Amino acid sequence: MNTLKVQLQIFRYKQGQSPHYDSFVVDVPDTAHVIDAIDAAWAIHDPTLTFRRACHHSSCGSCAIRINGVEKLPCITRITDVWDGHRPLRLDPLRNFPIVSDLVVDVTSFFQRMSAADMAMTCEAEAFLPFSVDTFAVADLDPKPVDLPENFSRFSRFEQCIECGICMSACPTMAADEKFLGPAGLAAIHQARKKTDDPVKVAYLLGLADGEHGVWRCHSAFECTEACPQAVDPAGKIMALRRELIVSRFTKMLGKRNV
Amino acid sequence: MSKLDYRKLSRASRWLDVRNRKLGMWAYALNRITGIGLVIYLYMHLFVLSLLLRGPTAWDSFVALARSPYFLALDVILLAGILIHGLNGLRIALTGFGIGVGAQRALFTTLMVISAIALWVAALKIFRV
Amino acid sequence: MTVIERGEVAFGTTGRNHCLLHSGGRYCVTDQESAIECIEENMILRKIMPDLLELNDGLFVAFTEADLAFREQFLEGCAACHIPAREISNEHARAIEPFLNPNVLAAVQVPDGVFEPFRFCLAFLATALQNGATVRTYTEVTDLVCAGKNVTGVRMRDYRTGRNESLSADLVVNAAGPWAGEIAGKAGVAVPEIPTAGVMVALDCRLNNMVLNRLNKPSDGDIIVPQRATSVIGTTSWKVEDPDLITIPPEHVDRMIAQGEQLIPIVKKVPMRAKMAVARPLIARAGIDAREVSRTFECFDHERDGMNGFVTIAGGKTTTARAMAEKVSDIVCRKLNISAECRTRNTSLASYRLFFQQPGSYRASFPGNPEDRFSPEHCNR
């Protein structure tokens, strides 16, 4: 096992003080992920360093930060993939969120938006395996159909979105519009819409999407889809919502003419 | 400017921040820059047209200016703006309806190459006049 | 009622667990007390947090003669612990799980499930907040305040501001997992705990829909838990001195892949997405190997150690978290002369998203609130 001596430059901010960067040097295995380096800096050098983390395997979405300016999940990002061995690895909190302290951001308003969309976390699974977000991982594996056990009508799965906020940080419209539902909020609306036929709920969801801070604020930067670690493709979902809204507008217009 | 306005302005100015961002963001920023440029051009154009109201001398002196190579260069820049904004706008219209979302980067590259070629051909014609 | 957590919710052991909602099948032969706890809690959690579970059941699969020999005891154990178990044909098992090792000699279906620990914890805490609790995250207990033979409160540091604070309490519950011994030490009492770490490996694609278990006694790397677009192979165990700093031994990672291959041969070809390790709060029992120590939980009322107003809850698994809380709460109520019955068995949990929308824990604001400060761009570099 080879050890790396990694230099970190971590954004520091405590309420009432001015922001700055602190340098840390940690020894970690060369197979380590960035979260292991942050953990080492905290455990060995500075217990006042605050950062978010829980699962270490991209299910909780809490650890999202910017690594050298790019939004990533440090738990699935290998140090050797982002560190050139010379310049320090710069760690910043996400953009477009208020900063609580150091790398911790305030996700209150984010979850308010996700609650407004109210997407259920479980959904129906695909009828084949393997299932992956990484096309290279499955390039050699042919999709195989799956049978169901006796008492099952479908397999269930969690939605791909882990509510990490990376898309919100990458989106330029989030910076400009305080109340924009954001790629995550709109993608969640799309997913919630797909799962319901209740006309009241559909009207509510499409109303949100069609509203002042909905799909029309998106100006096609596509940064959300590029940055998403879970292949949610929020941009695609926003465009799908737009299609539905336009189609329903046209059918309503045509409907009126026939009357 | 009050503190609140300054904050909003500095946040909104992030549309220009293409550091560490991908092709889609470049398209986004370019569209905004060319859009602002074209709006400014529009006002200038209307002003120039208003010279017609001032009679032949005013108009003729403008036309003489418009023949100078510096002015023709500005015309080429204007055409670049129109091509970039127009063709990228086509891409945005398509993807906005869900057509070609997966190919948005390839679409941008292709359309910008077409713009470059069209611009080159147009520049040649403009300067030969 | 205040919960004090030194990091984000699920920052410690609970965050990095294997995400397995146990049916109890794993323990139905070797640790029946734990198995019964598991199946009871499994059924309760299905009722109170249905939207936070991938419910695809699990399979215990035999590949060798030794595995096959275990089948009889396994089915008896399930029956004894009231775990609904059903044997299915080998062909059907292979049709349900196309990437399963084709050498299936027997397959038993049990009600295993999958959760993810962060939202699991958030749902409980959101419900607690709705019922009047306060949750302080990024706040570490630095000392216990003792007056003679009584624990009367805590001293803590809020890392968001750097300020030290004191909080007085009628009773302090030590639920610090593998750090419970450290906390108990501040009151001069001991908790018989051995922090025991384990490694799990998450793959870059999901190769199974159901939880896959080896049909045999519990051993390393004999479970593959799927979730979203990943399959997680686990786990190992080794004692650790410092639960804060665990280096993942590469041999353990290799062993997970090797063991995983026996269940799903193709795991070797799939890239690794992540790996995690954290210390389990195992309760020490003299002379017993870590793999065989019971996974059940225990509540220590330190009144018997001479300190009043202090209770520790240790051991356990995330599957039985609610049961642990019920046990501690019953003890707390008894000690504080509160007569109330625990209602958590039947209370549907609040939406986990509400945890982050309480004005008490965080500011309820949209970004761009004038008081909110500082994007790193304003920093001089």
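This is a predicted model: local features need pLDDT of at least 70, side-chain atom pairs count only at pLDDT 80 or more; totals for chains, interfaces and linings use all residues.
Visitor: How many residues of chain A are in contact with chain C?
Guide: On the side of chain C that touches chain A, the elements giving two or more residues include α3 (90–96), α4 (117–130) and β19 (272–283) of chain C. By class, that side has 33 nonpolar, 17 polar and 19 charged residues. Chain C brings 69 residues into contact, and chain A brings 72.

Visitor: Which residue takes a positive phi in the hairpin of β10(C) and β11(C)?
Guide: Strand β10 (residues 150–158) of chain C runs antiparallel to β11(C), joined by six bridges. Arg155(C) stands opposite Ser166(C) in β11(C). Four residues lie between the strands, and the positive phi, near 85°, belongs to Gly162(C).

Visitor: What is the count of buried residues in strand β11 of chain C?
Guide: Across chain C, buried residues make up 52% of the 381 residues. Burial takes 20 or more other C-beta atoms within 10 Å. Strand β11 (residues 163–168) of chain C is hardly covered; among its six residues the count is zero.

Visitor: Why is chain C as compact as a globular protein of its length?
Guide: Chain C has seven helices and 21 strands. For 381 residues the globule rule gives 21 Å, and chain C is close to that, so it is as compact as a globular protein of that length: its radius of gyration is 22 Å.

Note on methods. Residues are numbered from 1 along each chain as its sequence is written. Chains are lettered from A and ligands numbered from 1 in the order in which they are written. A residue is buried if 20 or more other C-beta atoms lie within 10 Å of its own, exposed if 12 or fewer, and partly exposed in between; C-beta atoms are placed from the backbone. Two strands pair if DSSP finds at least two bridges between them. Two residues are in contact if their C-beta atoms, placed from the backbone, lie within 7 Å. Ala, Val, Leu, Ile, Met, Phe, Trp, Tyr, Cys and Pro count as nonpolar, Asp, Glu, Lys and Arg as charged, and the others, Gly among them, as polar. The radius of gyration is taken over C-alpha atoms; the globule rule is 2.2 Å times the number of residues to the power 0.38.
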